[in-house]
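Please look over the sequence and the model shown here.

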Amino acid sequence: MKTAHDLVAQAKLSVNEVSLNDVPHAIQDADLLLDVREADEYANGHIPGAIHMSRGLLEFKLSNDPNLSARDLKIVLYCKNSGRAALASKSLHEMGYMNVQSIAGGFDGWAQAGNPIAKPEPIVFE
């Protein structure tokens with residue numbers, strides 16, 4: 001029986017991971033930057049310009065949004081350290097998306113390299 005680690009390792013053999021050095025160019029060239037972590041992770045900080053679309057709903061959200069149905073969209077996605085992103089990337093390839101990249105090292109690698117982090121503005125009640 002396979003473990004989650006086994007599935008991630010298998011997925012990484014077939015997905016296109018972009019190195020942290022190449023991430024800025026990949027993001028600039030992308031049509032869509034997706035953060036596939038959970039909502040609380042996204043709220044605690046994310047790559048500027050990223051759209052939150054959790055791994056558990058990714059395929060459904062893409063399938064139900066006509067604006068995201070073009071299979072030639074250039075998509076860059078990431079998670080905490082690249083496991084969920086590898087699984088998501090593999091799934092998107094199986095759905096027919098041709099230009100999907102995942103960020104090697106994920107958000108943790110991005111943040112540890114000193115890159116900018118966006119956080120939602122706090123809600124202020126007066």
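The text below starts with conventions and then moves from helix packing to salt bridges and individual positions. This is a predicted model, in which local features need pLDDT of at least 70 and side-chain atom pairs count only at pLDDT 80 or more, while totals for chains, interfaces and linings use all residues. Residues are numbered from 1 along each chain as its sequence is written, and side-chain values use heavy atoms, with hydrogens and water left out. Helices (H or I, at least four residues) and strands (E, at least two) are DSSP runs numbered from the N terminus.

The helix pair comes first. Two packed helices are described by the angle between their axes and the distance between the axes. Here axes are lines fitted to C-alpha atoms, for helices over the stretch in contact, and angles run from 0 to 180 degrees between N-to-C directions. Helix 1, residues 4-12, packs with helix 5, residues 83-94, at an angle of about 60 degrees, and their axes are 9 Å apart. That makes helix 1 oblique to helix 5; angles under 35 degrees count as roughly parallel, over 145 as roughly antiparallel, 65 to 115 as roughly perpendicular and the rest as oblique. The crossing of the two helices is left-handed, a term used if the near helix is turned anticlockwise from the far one by less than a right angle, with right-handed used if clockwise.

Which residues of helix 1 and helix 5 make the contact? Helix 1 contributes Leu7, Val8, Ala11 and Lys12, and helix 5 contributes Gly83, Ala86, Leu87 and Lys90, where contact means heavy atoms within 4.5 Å. The residues of this contact divide into five nonpolar, one polar and two charged. In this scheme Ala, Val, Leu, Ile, Met, Phe, Trp, Tyr, Cys and Pro count as nonpolar, Asp, Glu, Lys and Arg as charged, and the others, Gly among them, as polar.

The next topic is charge pairing. Side chains of opposite charge can pair when their charged atoms come close. How many salt bridges does a search of the whole structure find? The search finds seven, each defined as a side-chain nitrogen of Lys or Arg within 4 Å of a carboxyl oxygen of Asp or Glu. One of them joins Lys12 to Glu17, with the closest N and O atoms 3.5 Å apart. Lys12 is partly exposed at a relative accessible area of 32%, and Glu17 is partly exposed at 31%. Buried means under 20% relative accessible area, exposed over 50%, and partly exposed in between, with a 1.4 Å probe and protein chains only.

Another salt bridge pairs the side chains of Lys74 and Asp29, at 3.6 Å from N to O. This pair links distant parts of the chain, with Lys74 in strand 4 (residues 74-78) and Asp29 in helix 2 (residues 23-29), 45 residues apart. Lys74 is partly exposed at 35%, as is Asp29 at 40%. A further salt bridge is formed by Asp108 and Lys80, at 2.7 Å from N to O. It also links distant parts of the chain: Asp108 belongs to helix 6 (residues 106-112), Lys80 to the loop between strand 4 and helix 5, and they are 28 residues apart. Asp108 has a relative accessibility of 23% and counts as partly exposed; Lys80 is partly exposed at 37%.

The loop between strand 4 and helix 5 also holds Ser82. Ser82 has a positive phi of about 110 degrees although it is not a glycine, and it is buried at 3% relative accessible area.

Leaving aside neighbours within four places in sequence, Ser89 is in contact with Val15, Leu77, Val100 and Ser102.

Asp35 lies in strand 2, residues 32-35, and is buried at 0% relative accessible area. Beyond its neighbours within four places in sequence, Asp35 is in contact with Tyr42, His46, Ala50, Ile51, His52, Met53, Ser54 and Tyr78.

Asp72 sits in the loop between helix 4 (58-64) and strand 4 and is partly exposed at 48%. With neighbours within four places in sequence set aside, Asp72 is in contact with Asp31, Met98 and Asn99.
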